[in-house]
Amino acid sequence: MPTGVEVAKAALDNFMKIQEYMQLAKKENAIETYAKLKDEYLSLKAILQVCGVNLTDIDKMKE
């Protein structure tokens, strides 16, 4: 069973990756892709907030 730190690290890694993909999708005007990525982004953001991660400096999307 993963520890809280391991869960937070995995979520943080995925959060950063999803933000990169969201920026590319937005740039390419890939509306449906962006919407799907945003769902994942919001889920990861919620997990990180529950884990107590301060997203102020790392949240590039600000959504």
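Start with A25: setting aside neighbours within four places in sequence, A25 is in contact with A30, T33, Y34 and L37. Keep in mind that this is a predicted model. The protein chain has two helices and zero strands, and A25 sits in helix 1, which covers residues 4-27. Let's walk through what surrounds A25 and then look at the rest of the chain.

**A25 and L37**
- A25 has a relative accessibility of 5%, so it counts as buried, the cut-off being under 20%.
- Count along the chain and L37 and A25 are 12 residues apart, with 8.7 Å between their C-alpha atoms.
- Leaving out residues up to four places away in sequence, L37 touches I18, Y21 and M22 as well as A25.

**The aromatic pair**
- Search the whole structure and you'll find one aromatic pair.
- The partners are F15 and Y41, and they are stacked, with 5.3 Å centre to centre and 20 degrees between the planes.
- This pair links distant parts of the chain, as F15 belongs to helix 1 and Y41 to helix 2, 26 residues apart.
- F15 is at 0% relative accessibility, so F15 counts as buried.
- Y41 is also counted as buried because its relative accessibility is 0%.

**The nonpolar core**
- The largest nonpolar core has 12 residues in all, and A25, L37, F15 and Y41 are among them.
- Its other members include A11, I18, M22, Y34, L44, L48, L55 and M61.
- Helix 1 and helix 2 are the elements that give two or more residues to this core.
- In soluble globular proteins, nonpolar side chains tend to be buried together.
- Take M22 as one of the core residues: beyond its neighbours within four places in sequence, M22 is in contact with Y34, L37, K38, Y41, M61 and E63.

- Q19 is in helix 1, and its relative accessible area is 0%, so Q19 is buried.
- The side chain of Q19 reaches the backbone oxygen of I58 at 3.0 Å.
- Not counting residues up to four places away in sequence, Q19 touches Y41, I58, D59, K60 and M61.
- Over in helix 2, which runs over residues 31-50, you'll find K45.
- K45 counts as buried because its relative accessibility is 14%.
- With residues up to four places away in sequence left out, K45 touches F15, L55, D59 and E63.

**The chain as a whole**
- The C-alpha trace spans about 40 × 25 × 15 Å along its principal axes.
- There are 63 residues in the protein chain, and 25% of them count as buried.
- The protein chain exposes about 4600 Å², and carbon and sulfur atoms supply 58% of that area.
- Look at the contacts in the protein chain with a separation of 6 or more: residues 24 or more positions apart account for 55% of them.

Conventions. Residues are numbered from 1 along each chain as its sequence is written. This is a predicted model: local features need pLDDT of at least 70, side-chain atom pairs count only at pLDDT 80 or more; totals for chains, interfaces and linings use all residues. Side-chain values use heavy atoms; hydrogens and water are left out. Helices (H or I, at least four residues) and strands (E, at least two) are DSSP runs, numbered from the N terminus. Buried means under 20% relative accessible area, exposed over 50%, partly exposed in between (1.4 Å probe, protein chains only). Contact means heavy atoms within 4.5 Å. A polar contact is a pair of N or O atoms within 3.5 Å; within protein, one must be able to donate a hydrogen and the other to accept it, and residues adjacent in sequence count only if both atoms are side-chain atoms. Rings of Phe, Tyr and Trp (its six-membered ring) pair if their centres lie within 6.5 Å; planes under 30 degrees apart count as stacked, over 60 as edge-to-face and the rest as tilted. A nonpolar core is a set of buried Ala, Val, Leu, Ile, Met, Phe, Trp, Tyr and Cys residues joined through side-chain atoms within 4.5 Å. Accessible areas come from the Shrake-Rupley method with a 1.4 Å probe; for residues, only the protein chains shown count as cover.
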